[in-house]
Amino acid sequence: MKKLGLALGGGGAKGLAHIPMLEVLDELGIRPHRIAGTSIGAVMGALYASGIGGARIRDGVRRMVISKGDSFREMLKKKDALKWFGFFDWEFGRGGVFKGDKFIEFLFDAMHVATFEQLQIPLRIVATDFWSSEQVILERGDLLPAVKASMGLPGVFTPVTIGERVLIDGGGVNPVPHDILDDCDLVVAIDVMGTLRRDKHNIPNVFRAVLGTFDIMQNSIVTEKLKHSPPDIYIRPDITGVELLEFFKAEEIYEQAAPAAEQLREALVGALGQDPISTQTHSAE
């Protein structure tokens with residue numbers, strides 16, 4: 001039985017593209033031996049590792065996200081969507097716009113898991129030590145501060161202190177952390193950073209320029225890692241026209257990710273045989 005390692009990369013709202021990939025694993029009955037996640041990949045990885053399957057994560061997003069086409073009445077029906085307003089803990093002047101505490105508390109309510117040790121699937125989360133510029137791998141102890149640290153995009157979320165380290169977004173050192181799954185026989189990497197789309201103004205505004213520069217740096221890191229330590233299966237959904245916090249584009253993201261999900265299905269069947277469900281099971285519901 002091959003030990004499958006699953007690496008889920010960062011990408012803000014584009015990280016919703018991880019959900020169709022997780023659904024493919026569920027449909028094939030494949031249970032990862034270990035998951036590694038960065039930023040939104042750490043969020044999705046924590047949810048999945050806690051036992052929440054891909055379909056349930058998709059349903060949770062559907063109940064949370066207000067889509068562009070929703071009428072005011074439809075918005076009111078989505079009671080969970082109103083919780084988004086509570087996630088925005090404004091904290092100007094302390095390194096970020098959002099603290100993220102309430103978002104993490106929401107995850108805790110959904111997972112009913114407080115520590116790495118309580119997860120059904122072992123999880124490694126990547127963050128960046130702000131002062132030393134080093135990669136920090138978190139895999140023991142309290143789970144939620146680790147998730148918050150990994151998604152600490154500079155200028156958006158405030159940094160997190162764990163021990164003596166000040167931690168920010170893991171994408172600064174390892175956007176798609178497939179190379180920390182060396183204890184697995186077959187490594188699958190899901191890169192959801194997508195591509196930038198030129199807008200009609202041609203010159204980006206300050207906010208988009210900063211975030212776009214971060215994306216460019218992350219893409220450079222991934223490119224170099226692929227040259228020196230490629231995963232066995234590398235999937236990059238073609239996600240375009242989605243900005244960092246545009247979670248309301250969920251359906252558009254799923255549609256763009258569909259071809260990549262089929263690519264993943266074919267690659268897994270080819271790597272694990274025609275009937276992987278007979279050798280590996282995943283109990284997530």
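1. Basis. The model is predicted, with local features requiring pLDDT of at least 70 and side-chain atom pairs counting only at pLDDT 80 or more, while totals for chains, interfaces and linings use all residues. Residues are numbered from 1 along each chain as its sequence is written, and side-chain values use heavy atoms, with hydrogens and water left out.

2. Helix packing. Helix 2 (residues 40-49) and helix 7 (residues 143-150) have axes that come within 7 Å and cross at roughly 155°; axes are lines fitted to C-alpha atoms over the stretch in contact, with angles from 0 to 180 degrees between N-to-C directions. Helices are DSSP runs of H or I with at least four residues, and strands are runs of E with at least two, numbered from the N terminus. Helix 2 and helix 7 are therefore roughly antiparallel (an angle over 145 degrees).

3. Salt bridges. The structure holds 14 salt bridges, each a side-chain nitrogen of Lys or Arg within 4 Å of a carboxyl oxygen of Asp or Glu. One of them joins Asp 215 and Lys 14 (3.8 Å, N to O). Asp 215 lies in helix 8 (residues 206-228) and Lys 14 in the loop between strand 1 (4-8) and helix 1 (18-28), 201 residues apart. Both Asp 215 and Lys 14 are buried (under 20% relative accessible area, with exposed over 50% and partly exposed in between; 1.4 Å probe, protein chains only).

4. Glu 224 and Lys 227 form a salt bridge (3.3 Å, N to O). Glu 224 is partly exposed at 37% relative accessibility, and Lys 227 is exposed at 58%.

How values were computed:
Parallel < 35°, antiparallel > 145°, perpendicular 65-115°, else oblique.
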